[in-house]
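Here's a quick briefing to read with the structure open beside you. Have a look at the fold, then work through the points below.

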Amino acid sequence: MRRLWRWAAPLMPFLAAGALVAGADLLDEAGRGRFQWGGTDELLYYPSGLMVRQAALGYETAAADIAWLRGIQYYGEHRQTDMKFDMIGHVMDIVADLDPAFIQPYIFGGFVLAQEMKKPDRGLQLLERGRMANPDNWNLAFEAGFLQYVCRHDFAAASRYFTWASRMPGHPEYVERFAAFASEKAGNRGMATLLWKRVLATGNKYMQEIARRELRGLGEGVQP
């Protein structure tokens, strides 16, 4: 949402000129009259992101912000009513078509698809798309690992994603703990030991206490 406000002011003249409006109008007019808000076909006729991209005339990121807010609005409406989010994946795909570097839609859409719609494969597919477009983003790898762990109970896959995330720049300390826990859960004692030792060497006092406890559980001798 911050992105939209950042773009809104400087784009006002362009809105008047009709450049951005072309993209925004496609999003709204394509569906207007074909469905009522809350109807089963809402958003069904939204154009593809590629179509909107052509109409945005160079203002794809602003059009992506508009589509993103439309998706959030859609989610909020259904969150308060029927808890059905059938078109959320479609809308997040449009945002990704318009602005592949926009991270939040991958994470939000992936979570809704996997957790609330019980479609973990679709959620992971969206996250994987984000990861391919943003290979250095630790957050996307971490979220994919989280869904693998929580939704699919695939601890080996979760371990791989968490470990990838822990090797990317900017990751917070807890990512390494998740990687170590998942590796231990998956039965990969060697990787778990390696990761816990890294936590022991780099973590704060609280994390070091946890690392010592886990390493002892793995049969590793560590000093108190």
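Let's start with F85: leaving out residues up to four places away in sequence, it touches Y74, Y75, H78, R79, V112, E116 and M117. Keep in mind that this is a predicted model.

**The largest nonpolar core**
- F85 shows up again here, because the largest nonpolar core has 32 residues, with buried meaning under 20% relative accessible area, and F85, I88, L98 and L127 are those with the most contacts inside it.
- At least two residues of this core come from each of α4 (60-79), α5 (88-98), α6 (103-116), α7 (120-133) and α8 (138-150).
- Helix α5 gives the largest share, seven residues.
- Domain 1 (43-135) and domain 2 (138-223) each put in at least three residues.

**A second core**
- There's also a separate core of 21 residues, and A180, W196, L218 and V222 are among its members.

**Helix α11**
- Helix α11 runs over residues 189-202, and at 1.5 Å a residue its 14 residues should span 20 Å. The C-alpha atoms at its ends are 20 Å apart, so the two agree.
- A192, T193, L195, W196 and V199 are the buried residues to look for in α11.
- An α-helix has 3.6 residues a turn, so residues three or four places apart point the same way.

**Zooming in on V199**
- V199 sits in helix α11, and it counts as buried because its relative accessibility is 0%.
- Neighbours within four places aside, V199 is in contact with E176, R177, M207, Q208 and A211.
- E173 is 26 residues from V199 in sequence, and their C-alpha atoms are 8.1 Å apart in space.

Terms used
Residues numbered from 1 in each chain as written. Predicted model: local features only at pLDDT ≥ 70, side-chain atom pairs only at ≥ 80, totals over all residues. Heavy atoms only, no water. Helix = DSSP H or I, 4+ residues; strand = E, 2+ residues; numbered from the N terminus. Expected span 1.5 Å × (residues − 1). Buried < 20%, exposed > 50% of the residue type's maximum accessible area, 1.4 Å probe, protein only. Core = buried A, V, L, I, M, F, W, Y, C linked by side-chain atoms within 4.5 Å. Domains from an automatic or database assignment. Contact = heavy atoms within 4.5 Å.
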